[in-house]
Amino acid sequence: MQTTKFREARLPWYTIYPAVSEFSGAVGAEAYEEWLRNLPADDPVSLYLHVPFCRSACWYCGFPTTITRHDAPILNYLAALRDEIRLVSERVPKTLPVSDIHFGGGTPSLIGPAEFLALMEFLRCRFAISKTATVAIEIDPRTLTPEMAEGLGAAGVNRASLGVQSFDPIVQKAVNRIQSEAQTSAAVEVLRRHGVSRINFDLIYGLPHQTVESCVETVRAAVAMRPDRLALFGYSHIPSQVKNQRLIEAEFLPDSAARAEQYAAVAVTLVAAGYRQIGLDHFALPHDELALAQETGRLRRNSLGYSADTCRTLIGFGASAIGRIGQGYVQNEVTRDIYIRHIAVGRLATSKGHRLTDDDRVRAAIIERLMCDFEADVPAICVAHGSDPIRLRGSDERLAMLAKDGIVDFENGLVRVRREHRFGIRAVAAAFDAFRDGLTYPAVEGKHTTRKLTQGVPFAGENELPSCGARLVVKRRKMST
């Protein structure tokens with residue numbers, strides 16, 4: 001088995017299904033408005049608010065953010081965000097209950113303390129936010145002030161996700177993100193002091209100049225601060241699509257074999273430190289919600305990655321934000337100025353989406369269980385969705401190839417990924433993806449070759465995230481059928 005090629009295969013992350021690349025303009029503001037009006041009035045919902053601003057550019061980052069040294073653009077954007085919240089809240093049946101809120105970016109902690117408190121108060125006026133709600137925010141430790149930490153605690157934030165990536169100063173210089181252990185430790189301490197007690201770290205492997213030793217040293221330094229969970233992502237170098245990455249010296253990037261060694265070393269170190277591996281790329285202490293959800297079979301996967309959030313509805317606010325309603329997915333305009341113009345005239349900023357079919361729903365359920373549990377009882381899931389398993393027979397041949405390659409055990413409809421090959425879970429999920437009939441992986445940057453799944457499925461396991469902020473679904477080429 002050509003494991004190097006398999007690791008290099010480009011696959012969706014399967015945070016949602018279908019992937020964003022399948023969204024179209026056929027679902028727009030009118031459809032979204034109708035879906036909002038038909039939401040169940042008593043079902044709890046989750047809210048996601050996207051704040052696409054940073055003070056400096058990290059060269060690995062693949063997200064559309066605005067670099068600003070001034071607060072005026074952020075304040076203008078916040079005005080549009082409040083207007084969108086009002087527009088949405090006026091279209092739902094009544095004041096919806098909310099159990100989870102997530103502020104992503106960019107760097108949402110750049111919002112000033114007074115403005116953040118006002119925004120949270122506005123949300124509470126428009127939604128019935130539970131007293132036990134999880135309120136999470138993504139933070140750049142380099143820009144967090146004591147005043148903002150105090151404001152976050154006062155606003156009810158109880159979880160913070162800190163971008164760390166690497167503590168190796170050579171790696172930091174190579175990606176334009178200088179961040180000391182002391183800065184990170186100080187941020188953790190001040191957050192905890194003000195009641196933001198649940199802490200997440202984001203780490204990246206596969207960066208320029210990274211080695212197994214430097215990855216392990218970063219993990220040991222991170223573990224000393226005892227975050228409740230860590231997310232581990234593999235850097236994806238795609239300078240043809242991400243302009244920032246053109247500043248990275250590609251000759252210093254580790255190869256696929258080295259990346260796999262880095263991932264394995266980090267995983268072993270975290271497990272030895274008392275963390276449990278959650279799915280493909282998360283690690284959590286036994287008391288964390290993710291670990292508890294995994295134990296009880298309640299682990300979910302959504303546009304933010306692995307989650308204990310069981311809400312069926314996610315309402316997204318802000319430029320590029322993705323929402324999930326019962327009928328399907330919606331995404332706002334990606335460009336900030338266009339998003340603001342839509343909101344300014346009282347129009348929802350939905351630019352595209354996808355209306356779910358019955359087939360989409362059953363495939364999504366199978367893929368989610370695979371990504372969360374590394375196994376799925378396909379017939380049982382089909383029956384639960386009122387679907388005939390025979391409709392998925394197109395996956396049998398693909399699964400047979402996976403079984404032949406030693407990736408899965410497949411018997412009587414039960415698919416189970418072998419423990420030593422869990423790193424390749426996305427290749428297994430791809431077997432149920434009706435929008436793919438092959439795997440694409442780079443031969444040379446900017447060029448691709450295709451290997452059909454029916455010719456043997458590549459081992460594709462690296463969760464590639466060229467960013468430190470909100471979760472991004474990487475675009476891929478559509479495969480011909």
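User: F127 and F317: buried or exposed?
Analyst: In this predicted model, both F127 and F317 are buried.

User: What kind of aromatic pair do F127 and F317 form?
Analyst: The pair is edge-to-face, with 6.4 Å centre to centre and 65 degrees between the planes.

User: Where do the two residues lie in the chain?
Analyst: F127 is in the loop between α4 and β5, while F317 belongs to strand β13 (residues 313–317). The pair thus links distant parts of the chain, 190 residues apart.

User: How many aromatic pairs does a search of the whole structure find?
Analyst: The search finds eight. One of them is formed by F103 and F116, which is tilted, at 4.8 Å centre to centre and 55 degrees between the planes. F103 lies in strand β4 (residues 97–105) and F116 in helix α4, so this pair ties together parts 13 residues apart in sequence.

User: Changing topic: which residues of helix α5 are buried?
Analyst: In α5 (residues 146–155), these are M148, A149, G151, L152 and A155. They lie on the same side of α5 because they cover an arc of only 160 degrees around the axis. P146, E147 and A154 are exposed on the other side.

User: What do the buried residues of α5 pack against?
Analyst: They pack against α4 (113–126), β5 (128–139) and α7 (181–193).

Notes. Residues are numbered from 1 along each chain as its sequence is written. This is a predicted model: local features need pLDDT of at least 70, side-chain atom pairs count only at pLDDT 80 or more; totals for chains, interfaces and linings use all residues. Side-chain values use heavy atoms; hydrogens and water are left out. Buried means under 20% relative accessible area, exposed over 50%, partly exposed in between (1.4 Å probe, protein chains only). Helices (H or I, at least four residues) and strands (E, at least two) are DSSP runs, numbered from the N terminus. The arc is that of the directions from the helix axis to the C-beta atoms. Contact means heavy atoms within 4.5 Å. Rings of Phe, Tyr and Trp (its six-membered ring) pair if their centres lie within 6.5 Å; planes under 30 degrees apart count as stacked, over 60 as edge-to-face and the rest as tilted.
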